[in-house]
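Hi everyone, thanks for coming. I'd like to walk you through a structure that may be new to you, so please have a look at it with me.

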Amino acid sequence: NVTGNTKTRDEVIRREMRIYEGELYSYTGQKKSESLIKRTGFYDEVTITVKEGSRDDLVRVIVKVKERKSGTFNIGAGFSSFESFVFNARIDQNNFLGYGQTISLISQFSAIRQEVNLSLFEPYFLDYDVFMNTGFYFVKFDYSSLDSVYYANYEDNRLGYSLIFGYWFTDNISLSGGYRIDKVWLKG
């Protein structure tokens, strides 16, 4: 039984469990399950307790979680001798809609740079031990605004997409590979 998850779907917690229904109970599996559920970063507290089952040879496993706030919003400003004023903002939503996914939107603007990144991380793609990370980005450098002899009067524009898949061999070892495509064009 899973309790305390008001936003998170049960499957997000169950897929981290190393105690499986119908198998022999394992204290090591219980502690490993607690550790893996905490590692998701979605919970302030995780407690797994074992109670008597309906028969002497059965036990009930109760997973109690306390969810943490899963969204962050950061905003910043600064000054650089190269880029003049710099403004950046970042929005992250962990455990998006209770599915365990992470969505991020990052932007940065200055006198010469405009940058936007949007990414999605899916820890269990199609409910397999395969993770997926995908993202789009756009970056524009406008060197024409610089009063410098070191830079020509041109724009550097970049548009890209990346797709990475990985497989978990164990709880701590994975292998990943991906594809990235970039389009770069200069205006001058």
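Let me start with a question: are Arg55 and Asp57 buried or exposed? Both of them are exposed. Keep in mind that this is a predicted model. These two side chains form a salt bridge, with their closest N and O atoms 3.1 Å apart.

Now compare that with Arg113 and Glu115, which also meet in a salt bridge, at 3.2 Å from N to O. Here, both residues are buried. In total, the structure holds 11 salt bridges.

One more pair, this time in helix 2, which covers residues 27-39: Lys31 and Glu34 sit three residues apart there, about one turn of the helix. They form a salt bridge too, and the closest N and O atoms are 3.4 Å apart. Lys31 is partly exposed, at 37% relative accessible area, while Glu34 counts as buried, at 10%.

Let's move on to the nonpolar side. In soluble globular proteins, nonpolar side chains tend to be buried together. The largest nonpolar core in our model has 13 residues, and the members touching the most others are Ile13, Met17, Ile37, Tyr43, Val63 and Val65. Helix 1 (10-14), strand 2 (43-52) and strand 3 (59-67) each supply at least two residues of this core. There is also a second, separate core of five residues, among them Ile112, Tyr137, Val139 and Tyr143.

And which residues does Val65 touch, leaving aside those up to four places away in sequence? They are Thr3, Gly4, Asn5, Ile13, Ile37, Tyr43, Glu45 and Val46.

Conventions
Residues are numbered from 1 along each chain as its sequence is written. This is a predicted model: local features need pLDDT of at least 70, side-chain atom pairs count only at pLDDT 80 or more; totals for chains, interfaces and linings use all residues. Side-chain values use heavy atoms; hydrogens and water are left out. A nonpolar core is a set of buried Ala, Val, Leu, Ile, Met, Phe, Trp, Tyr and Cys residues joined through side-chain atoms within 4.5 Å. Buried means under 20% relative accessible area, exposed over 50%, partly exposed in between (1.4 Å probe, protein chains only). Helices (H or I, at least four residues) and strands (E, at least two) are DSSP runs, numbered from the N terminus. Contact means heavy atoms within 4.5 Å. A salt bridge is a side-chain nitrogen of Lys or Arg within 4 Å of a carboxyl oxygen of Asp or Glu.
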